[in-house]
Amino acid sequence: MDKLENLSQMELDALKELGSIGAGNAATALSTMLSKRIDLIVPEVGIYPIEEIPDKLGGPEVVKIGVYFTISGDTSGSMLLMLEKDEGLKLVKIMLGPSYKVTGELDLISKSALEEIANILVGSYLSAFSQFTHMRLMQSTPAFAYDMCGSIIDMICIQLAQKTTHILMVKTEFLEKDDKIRANLFFLPEPAALISLIKSLGVPDYEEGTD
Amino acid sequence: MKKELIKVKMADVQISTSPSVLITYGLGSCVGLTIWDFKLKIGGMAHIMLPSSKGFTRNDNFAKFADCSIEFLINELLKMGARKRNLEAKIFGGASMFSFESKSDILNIGDRNVEATIKYLKEFEIKLVNQDVRGNFGRTISLDLEVGLVEVHSIKKGNKIF
């Protein structure tokens, strides 16, 4: 099964719907934690050649925060929360309240606050996923990086490049009304995992290995 | 005169002549390889993702593998009149961007890419004259074909010339 680019529109729509459910759950969790209304922009689901992924994330040289998780269990893949430093510091400020002075730098406390936010987002995303698909999913501990986009994403690309030439990317954008906090959550499942995902969604006519 | 800037994407190989600059952005675990002929002032750059093409189907983009992209670079440069003994290789990247408790194969991919690239350069009898590899940070590299120098830019360590 190395033909992600042959997914039908119906299958893509189903995956997009699944992404929406996960993202909705994650937005609710974030809203509750921060006591602020967090909206989400309908996720983008696309199949892209691996080589184009850095460009899809905004360009390989753009400096961003990345919090990375590996997903294991009944399906495998990666999740990555990506956001700009300023957006990250806004989130830290909201989370830690006025008593914490944000220095403008990503200190240890900011990093660990962001890891925790990412942890909650990913956890709630996956639990919606699990409920819907009846799959058992586990997330790793978060791993933090602040660096060029290309360098943050390339390990995930490499991991997937061993099995496929194209990647399914589910992109979710979170938006906090007043502060306009933009954060992207990417779900990058391994191709084999997609078969079971699509099957669990009950989309008809999915054929394996029509190579 | 501004030199032409030629971008090398992930899993891509580009070759050019002086005066121009080859650049690839944001190397993490990937390896950036430059090969330069100091007599002719021609050279190439590869942005390598994986150590070896063994076990992959023919449909794969060859440029993502260390073995294939090195072979391609050398052959193309030789076709342009380069001599093997005049070729100088430099390698960059191969970082581990994330630190996890468990060290699985995939997390060591940066190391494996570096080792494979060095091994294949030796097999093809190309001199490795400089390197800036591993660590936990991303690198952007540019090769100025006029002088053969590679500038490494990173947000953690600033700029360095190799």
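Biologist: Which residues is Ser16(B) in contact with, leaving aside its neighbours within four places in sequence?
Modeller: Ser16(B) is in contact with Ile6(B), Leu22(B), Ile42(B), Gly43(B) and Leu145(B), where contact means heavy atoms within 4.5 Å. This is a predicted model, in which local features need pLDDT of at least 70, side-chain atom pairs count only at pLDDT 80 or more, and totals for chains, interfaces and linings use all residues. Residues are numbered from 1 along each chain as its sequence is written, chains are lettered from A and ligands numbered from 1 in the order in which they are written, and side-chain values use heavy atoms, with hydrogens and water left out.

Biologist: Why does Ser16(B) count as buried?
Modeller: Buried means under 20% relative accessible area, exposed over 50%, and partly exposed in between (1.4 Å probe, protein chains only). Ser16(B) has 11% relative accessibility, so it counts as buried. Its place is in strand β2 (residues 12-17) of chain B; helices (H or I, at least four residues) and strands (E, at least two) are DSSP runs, numbered from the N terminus.

Biologist: What makes the pair Ser16(B) and Ser20(B) a polar contact?
Modeller: The rule asks for N or O atoms within 3.5 Å; within protein, one must be able to donate a hydrogen and the other to accept it, and residues adjacent in sequence count only if both atoms are side-chain atoms. The side chains of Ser16(B) and Ser20(B) are joined at 2.8 Å, so the pair meets the distance limit.

Biologist: Now chain A. What touches Leu137(A), not counting residues up to four places away in sequence?
Modeller: Ile71(A), Ser72(A), Thr75(A), Leu126(A), Phe129(A) and Ser130(A) do. Leu137(A) sits in strand β4 (residues 137-139) and has a relative accessible area of 15%, so Leu137(A) is called buried. Leu137(A) and Leu126(A) are 11 residues apart in sequence, with their C-alpha atoms 6.8 Å apart in space.

Biologist: What does the largest nonpolar core have in it?
Modeller: A nonpolar core is a set of buried Ala, Val, Leu, Ile, Met, Phe, Trp, Tyr and Cys residues joined through side-chain atoms within 4.5 Å. The largest has 46 residues, and those with the most contacts inside it are Leu15(A), Met79(A), Leu81(A), Tyr125(A) and Leu197(A). Helix α4 (residues 108-133) of chain A gives the largest share, nine residues. Another core, of 45 residues, lies apart from it and has among its residues Ile153(A), Ala11(B), Leu143(B) and Phe162(B). In soluble globular proteins, nonpolar side chains tend to be buried together.

Biologist: How many salt bridges cross the interface of chain A and chain B?
Modeller: The rule finds one: the side chains of Lys156(B) and Asp147(A) meet at 3.7 Å, N to O. Over all chains, the structure holds 10 salt bridges.

Biologist: What area do chain A and chain B bury between them?
Modeller: About 2400 Å², 71% of it on carbon and sulfur atoms. Buried area is the accessible area (1.4 Å probe) that two parts lose on being put together, summed over both. The contact takes 30 residues from chain A and 31 residues from chain B. Glu51(A), Met155(A) and Ile158(A) supply 25% of the area that chain A buries against chain B, more than any other three residues.

How values were computed: A salt bridge is a side-chain nitrogen of Lys or Arg within 4 Å of a carboxyl oxygen of Asp or Glu.
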